[in-house]
Amino acid sequence: MRPSTLLNEIKRIKSLADVGLLYSSNEYDKERYQELEEISFRLLHEVTEAPMEDLKWMLPATKDYPTAKVDIRGIATSEDNKILLVKESVDGKWSLPGGWGDIGFSPKETVIKEFKEETGLEIVPERLLAVFDKKMHSHPPQPFYVYKMVFYCQLLTSQITPGFDVLDVKFFAVDHLPPLSEDRILASQLQMLAEKVFRNDREVYVD
């Protein structure tokens, strides 16, 4: 079994354990679901190499039905068909502006906010380009199950001011990309997104 497939199976076990603990009223069943949960944490630790304490902090006992997390990002281009990337402070590599979906903000409002915070630029999200399921792509192992939404964004301003949580902001040609923060975006995804923008392809890609 491929590591990515194994990781998704472990996440599924964790999800089933969460649902069982949430809805079971039988103490015998709860004990078994707790054991499944502990097994899932041990397996996640083995696959991701994340410390057990960090995993339990990131994935606390659920109080509602467990669902996927949503990562929302935007792609903006220059007049010479380069794409705007931000240098992430967490790993020193590059990604599209964006982040986790925030409660109280629509997807479009989230990408507007993230662009302003990370780049200083004001944008209009014109259309949704893609919804990626991370399990379908070769991202590094991560405990969360994640959907990624990417919008094509029209730039309204041009003065770049890097935010406190990014190291730099620059435009890059698609065929000369810098080292990417592959937990956030892959070269294959950027190439596909850029092609959709440059060809004015209006069909939304969905995994």
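This is a predicted model: local features need pLDDT of at least 70, side-chain atom pairs count only at pLDDT 80 or more; totals for chains, interfaces and linings use all residues.
1. **Glutamine 142.** This residue is buried, with a relative accessible area of 11%; buried means under 20% relative accessible area, exposed over 50%, and partly exposed in between, using a 1.4 Å probe and protein chains only. Its side chain makes a polar contact with the side chain of aspartate 183, at 3.3 Å. A polar contact is a pair of N or O atoms within 3.5 Å; within protein, one must be able to donate a hydrogen and the other to accept it, and residues adjacent in sequence count only if both atoms are side-chain atoms. Leaving aside neighbours within four places in sequence, glutamine 142 is in contact (heavy atoms within 4.5 Å) with Leu7, Lys11, Thr48, Trp100, Lys134 and Asp183.

2. **Proline 143.** The loop between S5 and S6 also holds proline 143, which counts as buried at 12% relative accessibility. Not counting residues up to four places away in sequence, proline 143 touches Lys11, Leu44, Thr48, Leu55, Met58 and Leu59.

3. **The five-stranded sheet.** Helices (H or I, at least four residues) and strands (E, at least two) are DSSP runs, numbered from the N terminus. Here 5 strands form an open sheet in the order S4-S1-S6-S5-S8, with mixed pairing; two strands pair if DSSP finds at least two bridges between them. S4 and S8 are the edge strands, each pairing on one side only. In general, strands of a sheet pair through backbone hydrogen bonds, either parallel or antiparallel.

4. **Who pairs with whom.** S1 and strand S6 (residues 146-155) run parallel and are joined by 7 bridges, with tyrosine 147 in S6 as the bridge partner of valine 70. With strand S4 (residues 98-100), S1 pairs in the antiparallel sense over 3 bridges, and there arginine 73 stands opposite glycine 98. Strand S5 (residues 123-133) and S6 pair in the antiparallel sense over 9 bridges; leucine 128 stands opposite phenylalanine 151 in S6. As for strand S1 (residues 69-75), 5 of its 7 residues are buried, so it is largely enclosed by the rest of the structure. Helix H5 lies across S1, S5, S6 and S8, running at about 135 degrees to S5; axes are lines fitted to C-alpha atoms, for helices over the stretch in contact, and angles run from 0 to 180 degrees between N-to-C directions.

5. **The three-stranded sheet.** A second open sheet has 3 strands in the order S3-S2-S7, paired antiparallel. Strand S3 (94-95) and strand S7 (166-172) stand at the edges with a single partner strand each, so one side of each is left without a neighbour in the sheet. Strand S2 (residues 83-88) is joined to S7 by 6 bridges, and valine 86 stands opposite valine 169 in S7. Helix H4 (residues 107-119) packs on this sheet, touching S2 and S7, and its direction makes about 65 degrees with that of S2.

6. **Helix H2.** The buried residues of H2 are Glu37, Ser40, Phe41, Leu44 and Thr48. They cover an arc of only 100 degrees around the axis, which puts them on the same side of H2; the arc is that of the directions from the helix axis to the C-beta atoms. Tyr28 and Glu46, on the other side of H2, are exposed. At the start of H2, a side-chain oxygen of asparagine 26 reaches to within 3.1 Å of the backbone nitrogen of aspartate 29.

7. **Two loop residues to look at.** Most residues other than glycine have a negative phi. Glutamate 49, in the loop between helix H2 (27-48) and helix H3 (52-58), has a positive phi of about 65 degrees and counts as exposed at 68% relative accessibility. Asparagine 200 has a positive phi near 55 degrees and is partly exposed, with a relative accessible area of 43%.

Note on methods:
Residues are numbered from 1 along each chain as its sequence is written. Side-chain values use heavy atoms; hydrogens and water are left out.
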